[in-house]
2 protein chains.
Amino acid sequence: MRNGARQTRAVSGNVMTTFNQKKIEARQKDAMGRIRSDVKILDCTIRDGGAVNNSHFGMETVRAVYDACADAGIDYMEVGYKNSRGAFSPSDFGEWRFCDDETVKRLVGDNKRDVKLAVMMDAGKSDCRASLRKKSDSPIDMIRASAYAGGLSEALDTVKYAADLGYETSVCIMAISTLSEREINKAFEAAAQSDADVVYLMDSFGGLDGHRLRYLLAKCIYVCSDAGKRVGVHIHNNLQLAFANTIDAVITGADIVDCSIAGLGRGAGNCRTELMVGFLRNPRFKLRPVLECAQNAIEPLRRSFDWGFDYPYMATGLLNIHPSHAINYKKSENRGSVADFYESLSED
Amino acid sequence: MRNGARQTRAVSGNVMTTFNQKKIEARQKDAMGRIRSDVKILDCTIRDGGAVNNSHFGMETVRAVYDACADAGIDYMEVGYKNSRGAFSPSDFGEWRFCDDETVKRLVGDNKRDVKLAVMMDAGKSDCRASLRKKSDSPIDMIRASAYAGGLSEALDTVKYAADLGYETSVCIMAISTLSEREINKAFEAAAQSDADVVYLMDSFGGLDGHRLRYLLAKCIYVCSDAGKRVGVHIHNNLQLAFANTIDAVITGADIVDCSIAGLGRGAGNCRTELMVGFLRNPRFKLRPVLECAQNAIEPLRRSFDWGFDYPYMATGLLNIHPSHAINYKKSENRGSVADFYESLSED
């Protein structure tokens with residue numbers, strides 16, 4: 001994989017508008033009528049859910065998701081953030097914000113099941129040199145280094161460090177819906193030349209429509225595929241498009257897609273694992289364990305905290321801005337109407 | 001319009017696989033980057049919501065939706081069903097199940113606003129000859145005759161009767177996701193040759209994915225457009241695809257789309273009017289009145305009855321069957337798990 005990085009093609013205007021239609025079409029060949037059987041699922045319930053509850057999950061909930069993923073044939077489970085205690089105080093955040101190897105070993109026990117484990121390391125909030133041991137000493141399989149476009153070089157440094165230790169790696173380009181064409185080109189080129197195994201488009205604001213997503217994904221595949229990268233997507237549900245856009249991504253040629261059980265995740269949440277498993281109709285994936293986990297382990301969490309589509313998240317999605325505006329609005333005591341909130345954001 | 005009906009082209013296998021790409025592309029010309037500015041919105045909040053609460057809406061709720069539609073620039077508001085008292089007992093169903101001209105006149109008052117009013121007449125449950133007066137004597141603008149494929153001739157009889165009285169007319173082909181290619185061809189040909197102004201694809205079961213929808217819509221446009229028909233879609237949210245599929249329909253060339261405020265409608269509900277108005281970014285449409293109506297008039301109804309995405313509706317959507325299975329499951333006292341429900345349906 002990594003040896004291919006030097007074959008990456010440069011991105012110049014003309015080339016980028018034509019892409020390589022043959023290559024893209026070859027990835028779509030299963031799309032019409034048959035569902036692509038090679039696509040992989042990463043379940044990010046506990047990691048993205050950690051943005052909702054400060055990663056305060058009990059071990060029984062994390063284990064319920066772990067077992068559900070293994071039983072359902074899910075390929076990867078992201079068990080949390082591997083961020084530094086300097087960035088997040090352990091008195092405010094649960095152990096799945098740090099994902100020490102010891103924590104993850106307690107999850108796995110003596111019986112590591114057939115689902116790879118991933119953690120996310122945020123640029124500016126994690127320290128690979130302090131927190132990563134050799135892969136052979138760790139229960140973690142994949143390091144996902146995430147950053148906004150401006151912090152990409154730090155994320156790629158994490159990727160390189162983790163790859164050298166033997167981990168599978170992803171680089172996750174956040175807030176992809178907000179980037180200019182120039183920023184996109186630069187980010188994709190840097191990702192293509194990196195050590196990452198997977199390049200992820202993160203629709204952190206839930207602001208992408210299907211047309212833009214397909215365009216960005218096709219472009220990313222064009223830039224990164226000769227370098228042997230796989231390409232993934234992570235979509236939020238601000239506009240009730242998380243599932244639809246994830247299907248579109250599968251058909252456009254994504255190799256791996258993020259989903260979460262019951263859609264658990266920041267703000268409007270994510271594409272639901274149960275919808276994706278149901279849709280793919282791939283005998284490799286089982287729906288029952290996901291439905292049971294959703295009903296028994298995740299839905300009851302709604303008594304303690306709140307996620308999923310709601311008007312304020314729709315407002316930030318339509319305006320393509322960070323959901324924190326909506327989260328703060330929902331928490332405020334003397335909030336005005338949703339219409340006022342939307343218009344105040346529009347005028348900012 | 002109606003004079004064009006005889007130019008309808010016959011549907012034979014070969015022709016249908018090629019369509020008329022030029023025509024379809026011409027309808028998509030606004031699609032890339034610019035949002036189509038000619039598409040019309042029909043708000044079906046009160047009509048489809050009537051399937052949830054037996055059409056027991058108070059006049060203040062119906063008027064809130066009417067004013068919101070007018071203020072927002074919505075083109076049509078469907079105020080209810082115009083079904084017969086023989087099919088629905090007035091002791092069980094509210095006045096918006098029958099939409100007598102007198103009822104609708106009370107809504108409109110002396111101040112008919114700039115939004116056309118539609119009613120739905122179900123095949124087998126309505127009687128056009130008994131209930132329709134001349135258009136010039138009625139506050140109603142459009143008659144939407146709906147039927148499953150098997151009842152289409154009755155719906156087309158209603159369409160003809162209503163058209164002769166001077167009404168704008170739609171034929172609504174229900175449960176479109178369940179029809180065989182032969183049934184589709186037959187239904188589209190009959191619709192093309194009819195007096196209907198609009199031919200509607202109704203995804204009653206919420207079982208369509210975007211690919212199938214685009215295919216069916218392109219086919220319908222091919223068959224019906226030379227006859228001067230407009231084409232519309234009505235999508236349910238069982239798979240959280242209502243908004244995405246409605247966007248896809250707009251881009252594929254639909255002339256008119258159904259939406260409902262807060263998604264109010266049977267089972268998983270409909271495409272939300274607020275999402276569609278927000279997405280279209282057409283200065284003709286205003287988001288504020290829709291958001292205010294959603295927050296003040298429709299959301300409070302959740303205290304009395306239930307609609308919107310839920311696992312049982314997802315199950316019937318994945319299995320492409322009527323949501324009544326899910327509605328009954330949700331009402332049953334001793335129901336088993338969602339996984340059991342899904343598997344019992346799969347085995348039926």
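Predicted model: local features only at pLDDT ≥ 70, side-chain atom pairs only at ≥ 80, totals over all residues.

**Strands, burial and chain contacts**

Reply: Strand 4 of chain B and strand 5 (residues 168-173) of chain B pair in the parallel sense, and six bridges link them. Strands here are DSSP runs of E of at least two residues, helices are DSSP runs of H or I of at least four residues, and both are numbered from the N terminus; two strands pair if DSSP finds at least two bridges between them. One residue pair to look for is B:S146, which stands opposite B:C172 in strand 5 of chain B.

Me: Which strand pairs with strand 4 of chain B over five bridges?

Reply: In general, strands of a sheet pair through backbone hydrogen bonds, either parallel or antiparallel. Here strand 3 (residues 116-122) of chain B is the parallel partner of strand 4 of chain B, over five bridges, and B:V119 has B:I143 as its bridge partner.

Me: What do the strands of chain B form together?

Reply: They form a closed barrel of eight strands, running 1-2-3-4-5-6-7-8 with parallel pairing. Strand 1 of chain B is joined to strand 8 of chain B by four bridges, and the two run parallel; there B:L42 stands opposite B:D258. Strand 1 (residues 40-43) of chain B also pairs in the parallel sense with strand 2 (residues 76-81) of chain B, over two bridges, where B:L42 stands opposite B:Y76. Strand 7 (residues 230-235) of chain B pairs with strand 8 of chain B in the parallel sense over two bridges, and these two strands make a right-handed β-α-β unit with helix 10 of chain B.

Me: Why is strand 4 of chain B described as largely enclosed by the rest of the structure?

Reply: A residue is buried if 20 or more other C-beta atoms lie within 10 Å of its own, exposed if 12 or fewer, and partly exposed in between, with C-beta atoms placed from the backbone. Six of the six residues of strand 4 (residues 142-147) of chain B are buried, so this strand is largely enclosed by the rest of the structure. B:M142, B:R144 and B:S146 point one way, B:I143, B:A145 and B:A147 point the other way, and all are buried.

Me: How many residues of chain B are in contact with chain A?

Reply: Two residues are in contact if their C-beta atoms, placed from the backbone, lie within 7 Å. On that basis, 26 residues of chain B are in contact with 26 residues of chain A. Among the elements that give two or more residues to this side of chain B are helix 9 (210-224) and helix 15 (338-347).

Key:
Residues numbered from 1 in each chain as written. Chains lettered and ligands numbered in written order. Right-handed = clockwise from strand over helix to strand, strands pointing away.
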